[in-house]
Amino acid sequence: MDRRLALVTGASAGIGAAFARIYASHGYDVALTARRAERLETLAEEIRMRFGVETLTVTADLAEPAGPQKILDALAAQGRVVDALVNNAGYGLPGAYANTSWEDQQAFLQVMVTAPCELAHKTLPGMIERKFGRIVNVASLAGLIPGSAGHTLYGATKALLIRFSQSLHLEVADQGVHVSALCPGFTYSEFHDVNGSRATLNRRMPAWMWMGADEVAAAGYEAAEANRPLCVPGVHNQIIAVMAKLFPDDWVMTLMQSRLGRFRGL
Ligand SMILES: NC(=O)c1ccc[n+]([C@@H]2O[C@H](COP(=O)([O-])OP(=O)(O)OC[C@H]3O[C@@H](n4cnc5c(N)ncnc54)[C@H](OP(=O)(O)O)[C@@H]3O)[C@@H](O)[C@H]2O)c1
């Protein structure tokens, strides 16, 4: 098999689907994974027709501890190894921490932290051996700013992905493996439908705060190619990231609470 393979998690929608198209447009075969099999098949067919690359689909639930290994086993059964890994699957869990079940929080940590770390851990040795690899961890601007009510573990999981990416970036910098954390702000996708905040956000968030999934994924692809450890797409998001670094945490927390607390259904 001549072409390299990009594995994209959460490829059935939004930023993940955009990443799959971008990697395919650069000549990669793509392995698409998520829970909704029909969505994956439709995208796989579109990508095959448009870009003439091979596509593989693996239906898996990353909330299941066995999910990551199931994906890698399915690729291995096809004789494929992962050259580029896009850890993208994710969602927001609405509600105050005390009012959610531990089962939901545990599943959230599994999807947002354990699964991406496991996939990176298991694909990295092969990348190092072949002296080529790309790992993009889709984090969030929320991982660069202090936490806010109703977003309890979300920012924390994204902050972990950012620090993880930076450390791994340094560890493998001279081995042909590029590691980047992508930190989007508000992005058009199904994310806010899934967490139930779409109607409120549409009413209250100005259009300039939003980016398209395609431009966000393109920025992530370019950052990984350029081996930049951190990518914040969009000038408005970059300004927010700088302000969050310069201003004291309690100022930013107060501002966040007044601006965002009411979106989170508390
Ligand atoms: N949209 C934003 O404003 C925004 C901003 C910053 C960061 N992000 C991050 O960007 C990433 C992609 O989100 P998106 O905006 O593209 O949202 P999206 O359109 O809702 O897509 C989320 C993807 O994750 C998959 N997924 C969710 N739970 C899963 C599970 N248990 N097992 C396997 N796959 C699962 C979904 O597939 P199935 O439902 O088919 O399983 C879907 O493909 C997430 O990590 C999110 O935190 C989004």
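Predicted model: local features only at pLDDT ≥ 70, side-chain atom pairs only at ≥ 80, totals over all residues.
**View 1. Salt bridge between Glu-46 and Arg-21.** The two side chains meet at 2.7 Å, N to O. Glu-46 lies in helix α2 (residues 37-51) and Arg-21 in helix α1 (residues 14-25), so that the pair, 25 residues apart, links distant parts of the chain. Glu-46 counts as partly exposed because its relative accessibility is 25%. Arg-21, at 23% relative accessibility, also counts as partly exposed.

**View 2. Salt bridge between Glu-190 and Arg-36.** The N to O distance for these side chains is 3.3 Å. Distant parts of the chain are linked here: Glu-190 sits in the loop between β7 (187-188) and α6 (191-194), Arg-36 in the loop between β2 (29-34) and α2, and 154 residues separate them. Relative accessibility is 25% for Glu-190, which is therefore partly exposed. Arg-36 is partly exposed at 40%.

**View 3. Salt bridge between Arg-80 and Glu-54.** The side chains of Arg-80 and Glu-54 meet at 3.9 Å, N to O. Arg-80 belongs to the loop between α3 (67-77) and β4 (84-87), and Glu-54 to the loop between α2 and β3 (55-59); the pair is 26 residues apart and links distant parts of the chain. Arg-80 has 7% relative accessibility and so counts as buried, the cut-off being under 20%. Glu-54, at 35%, counts as partly exposed.

**View 4. Network containing Arg-80 and Glu-54.** Salt bridges link Arg-3, Asp-29, Glu-54 and Arg-80 in a network. The count for the model comes to twelve salt bridges.

Notes: Residues numbered from 1 in each chain as written. Heavy atoms only, no water. Salt bridge = Lys/Arg side-chain N within 4 Å of Asp/Glu carboxyl O. Helix = DSSP H or I, 4+ residues; strand = E, 2+ residues; numbered from the N terminus. Buried < 20%, exposed > 50% of the residue type's maximum accessible area, 1.4 Å probe, protein only.
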